[in-house]
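Student: Please take a close look at the aromatic pairs in this model. Which rings come together, and how are they arranged?

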Amino acid sequence: MKKLFSLFLGCAVLAAPAMYAEDAAEPSAATPDQPTAVAAAEPTAEAKAAPQEQSTWEKILANMPKISGYLQTGWNWAQDSYDDSHATSSFQAKRLRLIMDGKVGEKVDFRLQIEAFNGIAGSTNGNKQKNLQVMDAFATWKIMPEFKIRAGQFYTPLGYENYDISPKTLETVDFSNIVYRMACRNPYEYNFVDYGRDLGVMLMGDLGDSGQGFRYFHYDVALTNGSIPCKDDDNSSKDFYVSATVRPIKNFNVKATYNYGKYKDNSNIALGGKYNPMHRFVVGAWYNDPQGIDLRAEYGLLKSKIDGVKYLDEQGAYVLAAYHAGKWMPIVRWDMYRDKMQNTTDPEGNKIQKCSANYNYNRILLGLNYQLFKNVTIQLNYHHFFYNDDQYAVVAGKTEKYSGRNQIQLMGRFCF
């Protein structure tokens, strides 16, 4: 945190001259009852044509990257046991992002994004404290609107929520399981979360200018490691993504993305090879009127078959409806996830859930956002989880049925 605080402090020190220069550059107009004492001479044509000399500070500031970010913090209450006998209540720093955008050439942009407070298993230290993570580190060569090249570590184009939306613009506090269990689960290992990022190269572009401020078609084609972010690949196979978005009218579009990769599953001896295939496919539609209704739905599949035997067979979906009502935004969302390969049976033929039932459920979310200030949003989310009839857990040697559970989140999102 000391390093992070020092970084924030350094950014503030560098930004201060910029704010001063901006204020100083604004001319003070003379009021009618207080005319200027001496009229300024009209500048000559030569003076008008002469280029304005920039100060050293102005040159430095003009070439510095833009610093932005946001903090999402608040309170979380959740029932976290199979029979609702136990709950947790905690203040949370849900997310802290620091983003730096800059130009490294006339048509080349660079982005660096750091996240703290994510708290995802595998990204904490020995004391289970939340660590800093490099989320994005990529350069984009904008050759023309129809063709751009991105290289480095970037967010993959699998679905809307992982590519077109960020926690800064998401209507709810958390993403759906299309992101958490499908887009953000890396092929490197079955249950490893990779934040939906990967190292590689991506071609993208926008075609068909409508003349109304948008293009009819967007495409992404990416080749990535299919490994853990910030780490070299451990095999010669690469992940392949192809994504297409069609926007027939300004506020509506349809998107489909397919991903194929090969992975090493260290959690299962039967899948311990380096070239186990996996297919992911997500399709969705989104209508968003900034002054009215916001409707979005997505459906995703994740599958793997080796020698005719299924090892991964999962699907997820959600439907979200919200309404922009001035500073208010009421929200309702239904989402589900099914891991079909996690069911097995006991000696008597009863189904037993091998993994946590958190992965297989239907959920209803009711939410309300309030924009307190321009860059401050208050978010209230209530979740109710429904479990299937065959959702069981092994507790003290017995099979116990999971019941529904609840969660409440009250968060503030502070952007700068």
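Tutor: Start with burial: a residue is buried under 20% relative accessible area, exposed over 50%, and partly exposed in between (1.4 Å probe, protein chains only). This is a predicted model, where local features need pLDDT of at least 70, side-chain atom pairs count only at pLDDT 80 or more, and totals for chains, interfaces and linings use all residues. Residues are numbered from 1 along each chain as its sequence is written, and side-chain values use heavy atoms, leaving out hydrogens and water.

Rings of Phe, Tyr and Trp (its six-membered ring) pair if their centres lie within 6.5 Å; planes under 30 degrees apart are stacked, over 60 edge-to-face, the rest tilted. The count is seven aromatic pairs.

Take W328 and Y370. Their ring centres are 4.5 Å apart and the planes meet at 45°, so this pair is tilted. W328 belongs to strand β13 and Y370 to strand β16, so the pair ties together parts 42 residues apart in sequence. Strands are DSSP runs (E, at least two residues), numbered from the N terminus. W328 is partly exposed at 44% relative accessibility. Y370, at 25%, is also partly exposed.

Now Y361 and F385. Centres 5.0 Å apart and planes at 80° make this pair edge-to-face. Y361 lies in strand β16 and F385 in strand β17, 24 residues apart. Y361 is buried at 4%. F385 is buried at 2%.

F385 has a further contact. The charged end of R405 sits over its ring, 4.1 Å from the centre. That requires CZ of Arg, or NZ of Lys, within 6 Å of the ring centre and within 35 degrees of the ring normal. Likewise, R296 puts its charged end over the ring of W286, 4.9 Å from the centre.

How values were computed: Helices (H or I, at least four residues) and strands (E, at least two) are DSSP runs, numbered from the N terminus.
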